[in-house]
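Colleague: I have a structure open and some questions about its packing. Can we go through them in turn?

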Amino acid sequence: MLTTELDLALRLYPVLQVVAESSQVDLTAVEELSHTLLAMPFNVAEKRGGQSGLNDNGSPLQVCLTSTAEGVQSRLLGDPAYVFGDPYVRYRSSRSTLDTVLALTDSMSIQSLCDRTLDFYVPKHEAEFSRFDSGVLWLGAGIQHPGCAMYVDARQADDLDAAWTVAQAWLSHILPHHHDATATIEALRPIGQLLSIGIEGSNLSNVRAKLYWRFVRPVRLDQIQIDLLHDPVLTSFLIRVIGDRSLHLSGLVPSAGFRVATGELFDTKIDVCGHCLAYDAATWIDLIDACTEAFELAPLPVAEALSKSQISYLGLGRDRQQKTRLNLYLKAAL
């Protein structure tokens, strides 16, 4: 369990080296950003005992390398104040960290949207926070470019349908037109478990509202009434990555993004769990190199990355403009 800043520094240093080298940003600046995202407490008397669910091994940080046709971009994803055992104390610290990250990433114009989302999802009374046993939110920050991300636990106890109902009300609250959002949720209700919702972007013209889910039963993508999931590139990606392996449904995390400016369903992405596939480094290198070549994307420094870190997820996204992105999520080896 990483409970002190020294523990974090020792364990996370290699994976931070990966993002610094990939983005050609000073390592010290990357380390400082990671410290901000993780919001480790100075008060050693505060009750500890919290745990992070960001990665399967308990690491509270991810490096995301995104390959597009134009090049590679980097960002950090963190589980702020994860060491706190009290979910309410953990949330208050995370909430304060959000304001700091918005300012650091030149994303203050989406602060009101983040605030409205938290007001919608976060309980009004301290006692109601007990269900957030792995924290309320995660935060992301761009390295080379402006942009912040906030992801909120959207599960509603064991009531799968209620989670979708709340998400539909949230999207109706923040989107100018919610036809696409309503249709998407109605398509997912019978087949999916909502995990989290998100806000990603740097300003009101590019910000997206996100839904993340897992499938509760096997289903073909072209049988889901969401046109962007019918894209053959997504199917090709899954065939390449999973191959002849057996993968549990929990190893897939699809997502859908809506433009907040218009309300349209703009993109979809499917993340595949690296831990579940358990490939060796050589296989991952060959596989990811083959994906970037097949989808005409910029090469990723996979060999260098896997000498210092492990793969948490690999995801492929497609948008309305038929642009493709490959996201490589890396975690510290604990």
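Colleague: Which residues in α9 do Phe237, Arg240 and Val241 in α7 meet?
Modeller: This is a predicted model, so keep that in mind throughout. Look at the contact between α7 and α9. On the α7 side sit Phe237, Arg240 and Val241. Their partners in α9 are Leu287, Ala290, Cys291 and Ala294.

Colleague: By class, what residues does the contact of α7 with α9 have?
Modeller: Sort the residues of this contact by class. No polar residues turn up. The count is one charged and six nonpolar residues.

Colleague: Are α7 and α9 roughly parallel or roughly antiparallel?
Modeller: Helix α7 covers residues 232–242, and helix α9 covers residues 281–294. Their axes come within 10 Å and cross at roughly 160 degrees. Angles over 145 degrees count as roughly antiparallel. Therefore α7 against α9 is roughly antiparallel.

Colleague: Is the crossing of α7 and α9 left-handed or right-handed?
Modeller: The angle is one part of the description, and handedness is another. For α7 and α9, the crossing is right-handed.

Colleague: At what angle do α4 and α5 pack?
Modeller: Find helix α4 at residues 111–121 and helix α5 at residues 160–174. Their axes are 11 Å apart. The angle makes α4 roughly antiparallel to α5. It is about 150 degrees.

Colleague: Which residues in α5 do the residues of α4 meet?
Modeller: Start with α4, which brings Leu113, Arg116, Thr117, Phe120 and Tyr121. The crossing of these two helices, α4 and α5, is right-handed. The α5 partners are Val166, Ala167, Ala169, Trp170, His173 and Ile174.

Colleague: Is Leu118 buried or exposed?
Modeller: Leu118 lies in helix α4. Beyond its sequence neighbours, Leu118 is in contact with Tyr91, Arg95, Leu98, Leu137, Met150 and Val152. Its relative accessible area is 1%, and the cut-off for buried is under 20%. So Leu118 is buried.

Colleague: How far apart in space are Leu118 and Leu300?
Modeller: Along the sequence, 182 residues separate Leu118 and Leu300. In space, go from C-alpha to C-alpha. The distance is 35 Å.

Colleague: Which residues have the most contacts inside the largest nonpolar core?
Modeller: Nonpolar side chains tend to be buried together in soluble globular proteins. Here the largest nonpolar core has 94 residues. The residues with the most contacts inside that core are Leu171, Ile199, Leu211, Phe237 and Leu330.

Colleague: How many residues are in the other core, apart from the largest one?
Modeller: Another core lies apart from the largest one. Its members include Leu77, Leu195, Tyr212 and Tyr329. The total is ten residues.

Colleague: What does Ile199 touch?
Modeller: Set aside residues up to four places away in sequence. Among those that Ile199 touches are Trp170, Ile174, Val207, Arg208 and Ala209. Others include Ile110, Leu113, Cys114, Thr117, Cys148, Ala149 and Met150.

Colleague: Where is Leu277, and is it buried or exposed?
Modeller: Leu277 is in helix α8. Away from its sequence neighbours, Leu277 contacts Val241, Ile242, Arg245, Leu247, Val272 and Trp284. Its relative accessibility is 2%, so Leu277 counts as buried.

Colleague: What is the phi of Ala278?
Modeller: Ala278 lies in the loop between α8 and α9. At 54% relative accessibility, Ala278 is exposed. Ala278 is not a glycine, yet its phi is positive, at about 55 degrees.

Colleague: Which loop holds Gln322?
Modeller: Gln322 is not a glycine either, and its phi is positive, about 60 degrees. With 59% relative accessibility, Gln322 counts as exposed. Its loop runs between β9 and β10.

Colleague: Is Asp106 buried or exposed?
Modeller: Asp106 lies in the loop between α3 and α4. Outside its sequence neighbours, Asp106 touches Pro146 and Ser202. Its relative accessible area is 57%, and exposed means over 50%. So Asp106 is exposed.

How values were computed
Residues are numbered from 1 along each chain as its sequence is written. This is a predicted model: local features need pLDDT of at least 70, side-chain atom pairs count only at pLDDT 80 or more; totals for chains, interfaces and linings use all residues. Side-chain values use heavy atoms; hydrogens and water are left out. A nonpolar core is a set of buried Ala, Val, Leu, Ile, Met, Phe, Trp, Tyr and Cys residues joined through side-chain atoms within 4.5 Å. Buried means under 20% relative accessible area, exposed over 50%, partly exposed in between (1.4 Å probe, protein chains only). Contact means heavy atoms within 4.5 Å. Axes are lines fitted to C-alpha atoms, for helices over the stretch in contact, and angles run from 0 to 180 degrees between N-to-C directions. Helices (H or I, at least four residues) and strands (E, at least two) are DSSP runs, numbered from the N terminus. Angles under 35 degrees count as roughly parallel, over 145 as roughly antiparallel, 65 to 115 as roughly perpendicular and the rest as oblique. A crossing is left-handed if the near helix is turned anticlockwise from the far one by less than a right angle, and right-handed if clockwise. Ala, Val, Leu, Ile, Met, Phe, Trp, Tyr, Cys and Pro count as nonpolar, Asp, Glu, Lys and Arg as charged, and the others, Gly among them, as polar.
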